[in-house]
Amino acid sequence: MEFTELADYAIPAGALVEWLPCATGPWVPDPRPVSYIHEAHLSRSAAGAGDKSWLGTAFEISGPLDVDAFRVALGRWIDRHEVLRSHTVLEPSSGEITRHTVPIGGIDIGVVSHGYDASSQDNFDHLHRLFDDYASPHSWPSYVFATLTPRGGDGPFTVFFAADHSIIDGFSIVLVAHEIGALYREASTGSAANLFPVGSYVDFGAVEREQMADMEAEKAAVEIWRRALDTDGLPQFPLPIGERGPDSQNGLSTWLLDADQSKAFSSTCAAAGVGYFAGLLGGLAAVGREVAAADRFEVVTPVHTRSAQEWAGALGWFVGLCPVEFVVGSDCSFGDLAKRAADSIASVKPAAAVPFDRIGEHLGTPIRPRFVVSYMDVRFVPEAAQWPEWNARALRSKAYTHDVYIWINRTPQGLNLAVRYPGNETANAAVHAYVAALRRIVEEIVTEPDTGTSDSYSSVVFETVS
């Protein structure tokens, strides 16, 4: 599944319908605390940072839209994920956060049909305003749905969904198409959705606070970050990227490997004794050496915190951060780099168990990552093989706080890469050169698997370095 902005999705002309949740049941005071990352997000957005930071998805469902069935499906989905029925309020003067939650069955869905065909551009403009207005950390609902029926009305119709980042992360997003699609089929045809049970992100916040009583784990995490920051400060993209304006940005999305090539890359990583992600970081380290003569690879990478089975399919923001770094020598093979990446990941992974903003509190300074690489293996998400048929896409808002952010997703269709970076010519040239080098390197690893554990790889990877 590609991860792009809404502007990169082919939005057809047709009739839009908004589906707006509204509470019909009581708002019950809820003493459960928010997660640390949710609390930090509320504070930052109240101070004017992180606004309009929604994530979303778009996908198609075959056949004409059954309004009643879709309304039932959304209601059941909201009942399934408690975080969609819970609202938090930050008191600016005291910083206190209060929560109220609506019981299961206490949400109805208002249907607002525009009743006319609109152009593709008009539909895009409307959806973008809808997402920006509703998907806010300080409002409820902090999410919104829309459907778009193409001219003629025979289908397929497109489902759009966006939610503020405070209640959803990248992995949550790739689950949405399967769950809503299954619930819609259940409501319209009677076929059982057969969704596996999930826990509540609202519960996770309370569990996370209890786990922070482990002072030794917290001390270890703080020391990992202290050492990383004492080296060269926060990791930066290895090439010059010019000035990052508050609103100007560019992005790209591309497929690095097809499904067969991705399997071959995995086999090469296994032969080197490492996992897929370590192999990718080894390749990225080789890129930095080639294009920027970097003798160290440094990056911040997200790590999921779905530590129990109940969180595996829950909607929420289950993410910690780790600083990965290792030496890159001119005589290193791919196997060498991949093993160094694996060793670094293993050594810093405990840092992800402690909320990132809590780390910043201990160090006495807010830490805002600048160069981030996120990796997800989503091949085994239910019905992931149907994403191309459904024209499914993960979406992100235009708001961003990093210099260069790279998302790498391993899917049933292959390996997809998306990048967001500053909107200037310097950054554009640098990122395209970086991605082109990465594409060539991973393709060479696939086509010349013997280089995965031999020194001959160094002459391929570093041929442009004097």
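Biologist: Let's start with His178: which helix is its place in?
Modeller: Helices here are DSSP runs of H or I with at least four residues, strands are DSSP runs of E with at least two, and both are numbered from the N terminus. On that count, the place of His178 is in helix H4.

Biologist: Before we go on, what kind of model is this?
Modeller: Residues are numbered from 1 along each chain as its sequence is written, and side-chain values use heavy atoms, with hydrogens and water left out. Local features need pLDDT of at least 70, side-chain atom pairs count only at pLDDT 80 or more, and totals for chains, interfaces and linings use all residues, as the model is predicted.

Biologist: Fine. Is His178 buried or exposed, and which residues does it touch?
Modeller: Buried means under 20% relative accessible area, exposed means over 50%, and partly exposed is in between, with a 1.4 Å probe and protein chains only. His178 comes out at 12%, so it counts as buried. Contact means heavy atoms within 4.5 Å. Skipping residues up to four places away in sequence, His178 touches Leu195, Pro382, Glu383 and Trp390.

Biologist: Where is Asn194, and is it buried or exposed?
Modeller: Asn194 is placed in the loop between helix H4 (170–189) and helix H5 (201–211). Its phi is near 55°, a positive value in a residue other than glycine. Most residues other than glycine have a negative phi. With 68% relative accessibility, Asn194 counts as exposed.

Biologist: And Asn391, what is its relative accessibility?
Modeller: Asn391 isn't a glycine, yet it has a positive phi of about 55°. It lies in the loop between helix H11 (387–390) and strand S14 (393–396). Asn391 counts as partly exposed, because its relative accessibility is 29%.

Biologist: What is omega for the cis peptide bond that joins Trp140 and Pro141?
Modeller: Most peptide bonds are trans. Pro141 sits in the loop between helix H3 (120–134) and strand S8 (143–150). For the cis bond that joins Trp140 and Pro141, omega is about -5°.

Biologist: Why is strand S13 described as largely enclosed?
Modeller: S13 covers residues 371–377, and the rest of the structure largely encloses it because its buried residues number 6 of the 7.

Biologist: Which residue of strand S15 is the bridge partner of Ser374?
Modeller: Two strands pair if DSSP finds at least two bridges between them. S13 and S15 (residues 404–411) pair in the parallel sense over 7 bridges. In S15, the bridge partner of Ser374 is Trp407.

Biologist: What do the buried residues of helix H1 pack against?
Modeller: H1 runs over residues 36–46, and its buried residues are Tyr36, Ile37, His38, Ala40, His41, Leu42 and Ser45. The buried residues of H1 pack against strand S5 (86–90), strand S6 (97–101), strand S9 (157–164), H5, strand S12 (319–327) and helix H10 (356–363).

Biologist: How far apart in space are Gly288 and Ala437?
Modeller: Gly288 is in helix H8 (residues 276–292), and it is buried, with a relative accessible area of 5%. Leaving aside neighbours within four places in sequence, Gly288 is in contact with Pro238, Ala293, Ala294 and Tyr434. Gly288 and Ala437 are 149 residues apart in sequence, but C-alpha to C-alpha they are 9.1 Å apart.

Biologist: Zooming out, what is the radius of gyration of the chain?
Modeller: The chain has 13 helices and 16 strands. The radius of gyration is taken over C-alpha atoms, and the globule rule is 2.2 Å times the number of residues to the power 0.38. For 466 residues that rule gives 23 Å, and the chain is as compact as a globular protein of that length because its own value is close to that, at 23 Å.

Biologist: What percentage of the 466 residues count as buried?
Modeller: The C-alpha atoms fill a box of roughly 65 × 55 × 40 Å along the principal axes. Among contacts between residues at least 6 apart in sequence, 80% join residues at least 24 apart. The share of the 466 residues that count as buried is 55%.
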